[in-house]
Every structure is written in C-alpha cells, then in structure tokens.
Amino acid sequence: MELADSLESRIRQGSYRSGEKLPSIRQLHGHTGLSISTVYQAFIELETRGLVQARPKSGYFVRPLLTGILPLPAPGKPASHPNPVTVGNLALALLDAMGDPEMLQLGGALVAPELLPARDLAGVLKSIPLRSMGNMLAAYENAQGNLELRRQIARRMLAAPLPSGPAEIVVTHGCMEAVALCLKAVAGSGDTIMVESPTFPWFLQVIEDLKMYALEVPTDCQTGIHLKAVARALELHPVRAAVFMANFQNPSGYLMSDARKAQLVDLMSRHGVPVIEDDIYGDLHFGATRPRPLKAFDTKGEVLYCASFSKTMAPGLRVGWTAPGRYLEAVRRVKLNQSIACPSLNQYQAARYLGSGRFDRHLRKLRRALQNQIANTALAVARYFPAGTKISAPQGGITLWVQLPSGVDSLELFRQALDRKVAILPGVICSTGSAYRNCLRVSCGLPWSSRIEDGIQTLGEIIRKISSST
Ligand SMILES: Cc1ncc(COP(=O)(O)O)c(C=O)c1O
C-alpha cells in the first residue's frame, strides 16, 4: 500500500486540500508506472481510511478530515462555585482587532461575506417599489416582529415540535439580543446563571452587565455538557437559569446526542430551571440531517430557544429570534421596553429571501465550504503547532478549540499575534477563571487560502518562542 501511504501523507501535509480532486487513476498509472488495478486498490484503501470519497464520473476527492488529526482537548476543570464575571477589557481588545482590515481574522466567529447570499439579498431590496419602501420606513414594525418573517421562521423550525406558529416567536436584533432578553425575562441582578465551561465569551459579558453570577459546568469536546456535574451543581446552588448550546457549541464544537439532550432538558425541568438555548449553529451541520435542538425535548415550555441568521444569511441584517415558551409575555415586555421593535426593512428582506426558496440551496453550499475550511485549518494546526497540541473535531459550526501544551499562555500568544496581524480568541476569555489559559479558539469562516496557512504558521512560531522562554 505504498501508493496509499504516500497519498495519505500528501493529504496530511496539505499538498492536496480538503475538497480537492486527486489525480485520476490513469494519471497516477502514468506517473508511477503502477498497474491500473494497483492504483485502483490504493484509492479503495484511502476510501477505507476515510480520506477520500468517489464522486460518480468525476473521480476521487479529498474528504474533509475532521477526526483523528490530533488528540481531543481534555475537559476543563471549572471553579465549583458561582463567580462574578470580569472579561470586559479583553473583549474590547478583540473587537478592535476585528475592525482592523489588515488583520487576518481567525478570532471572531464570522462567515466570510463571499460565502453569504449578498446578491440575492440585494435583489430583494432592489425589487421593493419606492412607495412600499417609504411606507415601511415611515412606520414601526410589529413589536413582536414582521408577521411574514415569523411565519417563515416557524416553517423552518420543523426540527423542534415548537413553536408551531408565528405567535410564539419574537424577532430580535440578532441572537445576542435574544439571549439577553431571555436572561432579563427569567433572572435578575445577583442571580446565578449556569453556563458551559468553556463558554461563548459574550454570554459572560451579558451576565457581567446584568450583575449576575456565572456557575460553570464542565463539558466534553465530543459529548457535551456533563450531566452528572449539572445534577450536582443544581443540588448545591440556587441556579436561576442556564444558557446552553447543544449543537456545535462555541467554542468547543460539541454536538450532544438526542438522548443526552433529552436527559438535560428533563433534569433542568425537574429543578424548575429555565434553559436559554442558543442554536445559532444548528443549520451548519456537516452530517446529513439537522440536529434537533434542546427545545425539541421540551414539553413544558421551559426552554427559551434563540437563534439568528448571522452565520447563515447576513450578520448585518441583525435578524434573530427567540421562541421563549412559557416566558413569551415576559420576553415581549422586555423587548418592548428595551428597543420597541426591530427595523422593518431588514425583516422584510429576510422574509422575502426565505420565501424565495433559495436559502436551503445556499445552506448546502455553505456547509460544504465550512467543512472543508475546518478540515484544512485543523490539518494546518497539526502541521505547524508543537507536539502536545490537542484539537476539537467539530461536526458542524465554524470554530476549532485548540489546547496548547500546558504552560503556553494564549493571552501572550494573542498579544504577540496581534503585532503580526493575526487575530485569535484566547481561551481565558471563555471562562470566569483561568482554566483555559493554554487554549485558544480558531475561527474557520474564511475560505481557505495561503494567507491563512501563513497565519497559522506564524501562530506556531510564536507558540514555540513562548514555550522556549518559559
Ligand atoms: C454562540 C453565539 N451566539 C450568538 C452570537 C451572536 O449572534 P448575532 O450576531 O446574531 O447577535 C454568536 C456570534 O459569534 C455566537 O457565536
């Protein structure tokens, strides 16, 4: 199997990228002098190893390698008590980096504009008669959200039995406002909010702003939230609410099984603790079917479902939504008091685009692109980062969670990398403690390019420099 080994090594070293076509059987026969049947056997072997896939009449293509590239990061060891949150200044430094056009953006969880359906969305705007546009701008949109948009969203939520209709949905300024509104609706200052460890830093920011406490529960990069740890924490602490992601969690990428989702929802509901679910990445699955959200297992209206089109359609539209179950009235009230309604034009644009039926085709393309981007990034990390590095193996979403050898401070990496125009997200910002000081999140929303490969090589160089000086 020399040929198979040599092709595998070329795939792992990045000579052939994820999604690229390999030379044909005939070409390899010509280059190597091996018989057609030996070359064919090598492709069968590579298929068995999960490295290539055959496409009828097109040849063999490199499969996005998402598992077994490096070992998985260890589960974190978060503090066992609720903590006040203080991530503010670091988050601002990150935002500044995101605004720098020269910066290679591996920090923010953004999908590149060229992968989003800008042309179709612009087409919707162009088709609006001036008079209708004027009418839209001259009035407040329905406070709960544009009715047609809510209808379109309800139609898409087939994976969850709820909400069944537009009356159960509140449109928000992106997913972040949805999460913040839900938090305000179910909890108040001084309350303890259960979050995953590591978690999405902006959840911690909102908790900080609302003067609440964060209680972190451990997670596993593959199986997700540790149910036993949740049960123990619920016995020990007066938890008011939880903010969870079950599908392609940001940052660590796990996807919980249906059985574990059902157990989690049941556990929380038995303790009377509402769950605010962020499912912003649920549509970005690499497997054949969309994973079900926690909401699908909620029979009592205790899951406040939140999502948006920021990762799939256009973050600039700022169109998100929540289906807050039995907290609907409370959420509507907070929304009204906070910002009255969302912009009418943006909602109309999103509704018309969804109604055009083009969104699903776009999603299929986007998922394929992201899967290849994650696979290529993971392989580059394996190539350029030092031995002892571990990496998550997400089956969807846009982020990779990387654990560096202990002692490497990712905050130092963050600072030095900014000087060399590469932005990452340091792991320490994903927790109230310092458990993830040697971790970082790498975003894979940009189409793969030599610039990204160079950026990852630069990160590898800085990590080695930091390691040798400690
Ligand atoms: C988990 C998660 N929730 C919410 C957001 C923000 O979503 P939006 O831009 O729709 O407010 C992001 C963006 O990075 C995210 O990763």
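Ala, Val, Leu, Ile, Met, Phe, Trp, Tyr, Cys and Pro count here as nonpolar, Asp, Glu, Lys and Arg as charged, and the others, Gly among them, as polar. The model shown is predicted, so local features need pLDDT of at least 70 and side-chain atom pairs count only at pLDDT 80 or more, while totals for chains, interfaces and linings use all residues. Residues are numbered from 1 along each chain as its sequence is written, and side-chain values use heavy atoms, with hydrogens and water left out.

**View 1. The second largest cavity and its lining.** A cavity is a set of points, on a 1 Å grid over the protein atoms alone, where a 1.4 Å probe fits but cannot get out; lining residues have an atom within 4 Å of a point. Grid points are joined across faces, edges and corners, and a volume is the space filled by probe spheres set on the points. The second largest cavity holds about 40 Å³ of space. Among the residues that line this cavity are Phe 248, Tyr 281 and Ile 398, along with Gln 249, Asn 250 and Thr 399. By class, its lining has 3 nonpolar, 6 polar and no charged residues.

**View 2. The largest cavity.** The structure has 2 cavities of 30 Å³ or more. The largest of them contains about 60 Å³ of space. Its lining is made of 11 residues, and those closest to the centre are Ala 74, Pro 75, Pro 198, Thr 219 and Trp 401. The lining divides into 7 nonpolar, 3 polar and 1 charged residues.

**View 3. The largest pocket.** A pocket is an open set of grid points with protein on both sides within 12 Å along at least five of seven lines. The volume of the largest pocket is about 590 Å³. It is lined by 27 residues, of which Met 98, Ala 109, Leu 110, Phe 200 and Lys 311 are the closest to its centre. Helices (H or I, at least four residues) and strands (E, at least two) are DSSP runs, numbered from the N terminus. Helix H4 (88-98) and H8 are the elements that give two or more residues to this lining. In the lining of the largest pocket, 17 residues are nonpolar, 6 polar and 4 charged.

**View 4. The aromatic pair of Phe 309 and Phe 359.** Rings of Phe, Tyr and Trp (its six-membered ring) pair if their centres lie within 6.5 Å; planes under 30 degrees apart count as stacked, over 60 as edge-to-face and the rest as tilted. There are 7 aromatic pairs in the structure. In this one the ring centres of Phe 309 and Phe 359 are 5.7 Å apart and the planes stand at 85°, so the pair is edge-to-face. Phe 309 belongs to the loop between strand S10 (303-308) and strand S11 (319-323) and Phe 359 to helix H14 (residues 359-384), so the pair ties together parts that are 50 residues apart in sequence. Buried means under 20% relative accessible area, exposed over 50% and partly exposed in between (1.4 Å probe, protein chains only). Phe 309 counts as buried because its relative accessibility is 2%, and Phe 359 is buried at 1%.

**View 5. Asp 191 in its loop.** Asp 191 sits between helix H8 (174-186) and strand S5 (192-197). Its relative accessibility of 15% makes Asp 191 buried. Contact means heavy atoms within 4.5 Å. Leaving aside neighbours within four places in sequence, Asp 191 is in contact with Met 212, Tyr 213 and Arg 240.
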